[in-house]
Amino acid sequence: MSEAITPLNGARFEGLATIEDAGLTGMITLRGDLSSKEVKAAVQNAVGLDIPAQRQALSGQGTAVLWMSPDELLLMCPYAEVAQIIAALEGALKGQHFLVANVSDARTFLHVSGPGARETVAKLCPVDLSEAAFTPGMFRRTRMAQVPAAFWLDEAGTFHLICFRSVADYAFNLLKTSALPGGGVGVYG
Amino acid sequence: MLILTCPCCGVTGEETEFHQGGEAHLKRHGPGASDDEFHTYMFAKENPKGVHFERWRHNNGCGKWFHAARDTVTLEVYGTYPAQTLEPPQDIRDAITAKRPGWTWRDFA
């Protein structure tokens, strides 16, 4: 068995915000009828969390459920538990119309933290990230400069940001440039 | 710049988060259609100055298709509505009539 590594391999940058590779993380795409009791029970059983409301993220200890679209969720879990969680989901949803796929190695996962985190992300995404408009627990899929990205904000003010693995370097360098000292705009105080 | 609201995920975003997908409410003519019907379906598109109906996709977001009614002159978006409709809903038509009385677009008014 080969040794799995993340595309950024632990990269870290400290500037106006701290940008760091969040490490190997299990990510599972689940498509199906999100309003059905079977899907709700399967997700509850697999990661111990409910189905989030529209454009919301629910997180637990090392796990999260993200609302991707009206018929799609992304489940975050420890990297080593992916196979077991997929088996649990497939067992629980047997006979239903659904799709479960392991996308852990197709994505890269970053943390953007620190006082300048909101501004660092807001410079790159066409989204209002002011404290009034974007609150912890909200999840947003959007565009980060030239690539698609998705992120949610936790209670500590850290952005958990996901994008495709193939653009990991591009995404990290974008965030790094956005967080370079001297580049502060101060729009969020 | 257009500001669109995706009816599928509720995001209000600017146009670079979306992608335009051509004219709305086309009736497809495929195998078995006459040459005239296919020609019209394929090539005869509206290019209005004013009210226009288009298909859009939230490609940097939830990925879903939807319809938008907008004005090609003022770039105002009158409203967006689900892709699974054959004609614009009444509230969208009313919103257009309020701004552009007497508008027509293909068979709609």
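Colleague: Which elements of chain A do the buried residues of α1(A) pack against?

Modeller: In this predicted model, the buried residues of α1(A) pack against β5 (64-69), β6 (72-78) and α2 (82-92) of chain A.

Colleague: Which residues of helix α1 of chain A are called buried, and what makes them so?

Modeller: They are Val39(A), Ala42(A), Val43(A), Ala46(A) and Val47(A), in a helix that covers residues 37-47. A residue is buried if 20 or more other C-beta atoms lie within 10 Å of its own, and therefore these five names carry the term.

Colleague: How do you know that the buried residues line one face of the helix?

Modeller: Seen down the axis of α1(A), the buried residues fall within an arc of 95°, so they line one face. On the other side of α1(A), Lys37(A) and Ala41(A) are exposed. The residue that follows α1(A) is Gly48(A), with a positive phi near 75°.

Colleague: Why does the radius of gyration of chain A agree with that of a compact globule?

Modeller: A compact globule with 189 residues would have a radius of gyration near 16 Å, and chain A has 17 Å, which agrees. The C-alpha trace of chain A spans about 55 × 40 × 30 Å along its principal axes. Chain A holds 4 helices and 11 strands, and 39% of its 189 residues count as buried.

Colleague: Which residues have the most contacts inside the largest nonpolar core?

Modeller: That core has 68 residues, and those with the most contacts inside it are Leu66(A), Leu73(A), Leu75(A), Val112(A) and Ala171(A). Beyond its neighbours within four places in sequence, Leu66(A) is in contact with Pro52(A), Ala57(A), Leu73(A), Leu74(A), Phe139(A) and Trp152(A).

Colleague: How many residues of chain B are in contact with chain A?

Modeller: 13 residues of chain B are in contact with 10 residues of chain A. On the chain B side, these divide into 4 nonpolar, 6 polar and 3 charged.

Note on methods
Residues numbered from 1 in each chain as written. Chains lettered and ligands numbered in written order. Predicted model: local features only at pLDDT ≥ 70, side-chain atom pairs only at ≥ 80, totals over all residues. Core = buried A, V, L, I, M, F, W, Y, C linked by C-beta atoms within 7 Å. Buried ≥ 20, exposed ≤ 12 C-beta atoms within 10 Å, placed from the backbone. Contact = placed C-beta atoms within 7 Å. Nonpolar A, V, L, I, M, F, W, Y, C, P; charged D, E, K, R; others polar. Helix = DSSP H or I, 4+ residues; strand = E, 2+ residues; numbered from the N terminus. Arc of directions from axis to C-beta. Rg over C-alpha atoms; globule rule 2.2 N^0.38 Å.
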